[in-house]
Amino acid sequence: MFSLNTKSTTNTNKTNMSSLTIPPTIVNSTQPEIEQFTLFVNKLIQADQFHQGYIRSCVRGNRNTDIVFYNIEGNYRFCPRKGTHHQRNTIAILIDTKELTYTIRCKDIDCDNRSLIWKMIDE
Ligand SMILES: [Zn+2]
């Protein structure tokens, strides 16, 4: 465990780019609770033989703990805004483990990802 070096003031400073940073609660993607979602993500990012990705890390949202973030690396860079793959950015796949929905969040600063398009997870 590591201690967070935050000052205990009730200062809620809304930092500008914070929506792009990933909450640091790393979870084990093979734990039974989220294993099915990991399998789903793996299926999604390996469906296209020309754009094979892999899960680099898996973290749980600290604001909404129902959300699990899968940080994707490799060649899977599909952007819902663009409708196709980017050349060089990375994406994260967010799973809402309660609603059973998912979305792809592109990390390209040119793409406005404040409004995400959520889809149902179909097995
Ligand atoms: Zn994009």
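## Overall architecture

How many helices and how many strands are there in the chain? In this predicted model, the chain holds 1 helix and 8 strands. Read from the N terminus, the order of these elements is β-α-β-β-β-β-β-β-β.

The chain comprises 123 residues, of which 19% count as buried. Among contacts with a sequence separation of 6 or more, 40% are between residues 24 or more positions apart.

## Confidence of the prediction

The chain has a mean pLDDT of 82, and a value of 70 or more is reached by 79% of its residues. Among the elements, the lowest mean pLDDT, 72, belongs to strand E1 (residues 25–26). The highest, 96, belongs to strand E8 (residues 119–120).

For residues 7–18 the pLDDT is below 50. Apart from near neighbours in sequence, this stretch makes 0 contacts in the model.

## The largest nonpolar core

The largest nonpolar core contains 19 residues. Those touching the most other members are Val68, Tyr70, Ile72, Ile91, Ala92, Ile93 and Ile95. Two or more residues are contributed by each of helix H1 (32–45), strand E3 (67–74), strand E6 (91–96) and strand E7 (101–106). Strand E3 gives the most, with 5 residues.

## Contacts of Ile95

Ile95 is one of the core residues that touch the most other members. When its neighbours within four places in sequence are set aside, Ile95 is in contact with Phe37, Ile67, Val68 and Tyr102. Of these partners, Val68 is also listed among the core residues touching the most other members.

Terms used
Residues numbered from 1 in each chain as written. Predicted model: local features only at pLDDT ≥ 70, side-chain atom pairs only at ≥ 80, totals over all residues. pLDDT = per-residue confidence, 0-100. Helix = DSSP H or I, 4+ residues; strand = E, 2+ residues; numbered from the N terminus. Contact = placed C-beta atoms within 7 Å. Core = buried A, V, L, I, M, F, W, Y, C linked by C-beta atoms within 7 Å. Buried ≥ 20, exposed ≤ 12 C-beta atoms within 10 Å, placed from the backbone.
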